[in-house]
Amino acid sequence: MQGDSEEPLFPEHHFLLACLRLGLTVQDLKFLTYVDIMKIFLSIETKEKDKGVRKATQADIDRLLM
C-alpha cells in the first residue's frame, strides 16, 4: 500500500476510489463536475478537522488562568 506522501500510480483511479468511499455513485459522477466533487471533499476535510474542537466556556478560561 502506498503512503500518503507518494503520488498514486493511477491518480484517476485514486480519485474514483475516493468518490466511491464517500458514497457517490457512478450516476453521481456523471452529473457532478470535478469542482463539485472537490468542494465535497474539502467540506468533509474541514468537518473532520473541526471534530473535537469546541468553543471555550468561561469555566474553561477560569480553570486555565487559575
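Colleague: What mean pLDDT does the protein have?

Modeller: This is a predicted model. The mean pLDDT of the protein is 79. Of its residues, 76% reach 70 or more.

Colleague: Which element has the lowest mean pLDDT, and which the highest?

Modeller: Helix α4, residues 58-65, has the lowest, at 76. Helix α2, residues 26-31, has the highest, at 92.

Colleague: How many helices and strands are there?

Modeller: There are four helices and zero strands. Along the sequence, the pattern reads α-α-α-α.

Colleague: OK, new topic. How many aromatic pairs does the structure hold?

Modeller: Two. One is formed by Phe15 and Tyr34, and that pair is tilted. The centres are 5.2 Å apart, with 40 degrees between the planes.

Colleague: Why is 40 degrees called tilted?

Modeller: Planes under 30 degrees apart count as stacked, and those over 60 as edge-to-face. The angle for Phe15 and Tyr34 is 40 degrees, so the pair falls among the rest, the tilted ones.

Colleague: Where do Phe15 and Tyr34 sit?

Modeller: Phe15 is in helix α1, residues 11-22. Tyr34 is in helix α3, residues 34-50. They are 19 residues apart, and the pair links distant parts of the chain.

Colleague: Is Tyr34 buried or exposed?

Modeller: Tyr34 counts as exposed, because its relative accessibility is 53% and the cut-off for exposed is over 50%. Phe15 is partly exposed, with a relative accessible area of 23%.

Colleague: What about Phe15 and Phe41?

Modeller: Phe15 and Phe41 form an edge-to-face pair. The distance is 5.9 Å centre to centre, and the planes are 80 degrees apart. This pair also links distant parts of the chain: Phe15 in helix α1 and Phe41 in helix α3, 26 residues apart.

Colleague: Which residues make up the aromatic cluster?

Modeller: Phe15, Tyr34 and Phe41 form one cluster.

Colleague: Let's move to the surface. Which residues form the nonpolar patch?

Modeller: Ile61, Leu64 and Leu65. Together they have about 350 Å² of accessible area.

Colleague: Where is Leu65, and is Leu65 buried or exposed?

Modeller: Leu65 is in helix α4. Leu65 counts as exposed because its relative accessibility is 68%.

Colleague: Last one. What share of the residues counts as buried?

Modeller: Of the 66 residues, 6% count as buried. The protein exposes about 6,200 Å². Carbon and sulfur atoms supply 62% of that area.

Notes. Residues are numbered from 1 along each chain as its sequence is written. This is a predicted model: local features need pLDDT of at least 70, side-chain atom pairs count only at pLDDT 80 or more; totals for chains, interfaces and linings use all residues. Side-chain values use heavy atoms; hydrogens and water are left out. Rings of Phe, Tyr and Trp (its six-membered ring) pair if their centres lie within 6.5 Å; planes under 30 degrees apart count as stacked, over 60 as edge-to-face and the rest as tilted. Helices (H or I, at least four residues) and strands (E, at least two) are DSSP runs, numbered from the N terminus. Buried means under 20% relative accessible area, exposed over 50%, partly exposed in between (1.4 Å probe, protein chains only). pLDDT is the predictor's confidence in each residue, from 0 to 100. Patches are made of residues with over 30% relative accessible area and no salt bridge: like charges are joined within 9 Å, nonpolar side chains (Val, Leu, Ile, Met, Phe, Trp, Tyr) within 5 Å. Accessible areas come from the Shrake-Rupley method with a 1.4 Å probe; for residues, only the protein chains shown count as cover. A salt bridge is a side-chain nitrogen of Lys or Arg within 4 Å of a carboxyl oxygen of Asp or Glu.
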